[in-house]
Structures are given as structure tokens and as C-alpha cells.
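Please look through the model shown below, and then follow the questions and answers about it.

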Amino acid sequence: METPLSLLRRPDPGVLSAAQLEQLRKFKIQTRIANEKYLRTHKEVEWLISGFFREIFLKRPDNILEFAADYFTDPRLPSKIHMQLIKDKKVA
């Protein structure tokens, strides 16, 4: 029977090596940079999210999941976002 101390001395197959940790850190940084670039070049994402939160704060629905499903499947949503993008370009 193994003692608790002998179990601690065994290598843990789930632990990443130093090189793997560094690779993971670099991957996370690259992913964050790529996400930031995408969000900065796609204003429709900003309008989609801000519009969703605005509606939540104004309507305060009891069932957020149902509200979200209705909001994002609304057939008028693409035209609303498109109109907002047009307005945004006129202001800029």
C-alpha cells in the first residue's frame, strides 16, 4: 500500500511542463490579440452585444435565456444592426 508521501512524489500526468506552460501562455496572448483585432474591425459585434444588454436593462426579463433566444433569433435583428452601422458611419 502506498503512503500519501509516495503518492506526492509520483509525476502527475495532468501537469504541464515548463515548455508547455510557456507555449500555452504565448497562445493565450496571441488569441487575445487576434480577438481584439477582430472586434475592432467588426463593429456589428459591438452593436449586437450593446443592443442586447440595453434591451435587458430596459425590459428586465424574468427569464434571461428565453429573452436571449428571442432577441438573437429575431428576423429583424440583422436590419437593426445594419441600420445602426449606417448611422455610425454617418456620425464618423
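Helices (H or I, at least four residues) and strands (E, at least two) are DSSP runs, numbered from the N terminus. The model is predicted, so that local features need pLDDT of at least 70 and side-chain atom pairs count only at pLDDT 80 or more, while totals for chains, interfaces and linings use all residues. Residues are numbered from 1 along each chain as its sequence is written, and side-chain values use heavy atoms, with hydrogens and water left out.

Q: How far apart are the end C-alpha atoms of residues 51-73?
A: An unreviewed UniProt entry lists residues 51-73 as "domain: RIIa", although such annotations may be inferred rather than shown by experiment, and their names are shortened and their positions given in the numbering used here. Over this stretch the chain is 78% helix and 0% strand, and the end C-alpha atoms lie apart by 14 Å.

Q: Which residues of helix 5 does helix 3 meet?
A: Contact here means heavy atoms within 4.5 Å. On the helix 3 side the residues are Lys43, Glu44, Trp47 and Leu48, and their partners in helix 5 are Leu77, Ile81, Gln84, Leu85 and Asp88.

Q: Which helix supplies the largest share of the lining of the largest pocket?
A: A pocket is an open set of points on a 1 Å grid over the protein atoms alone, where a 1.4 Å probe fits, with protein on both sides within 12 Å along at least five of seven lines, and lining residues have an atom within 4 Å of a point. Helix 3, helix 4 (64-72) and helix 5 each supply at least two lining residues. The largest share, 5 residues, comes from helix 3.
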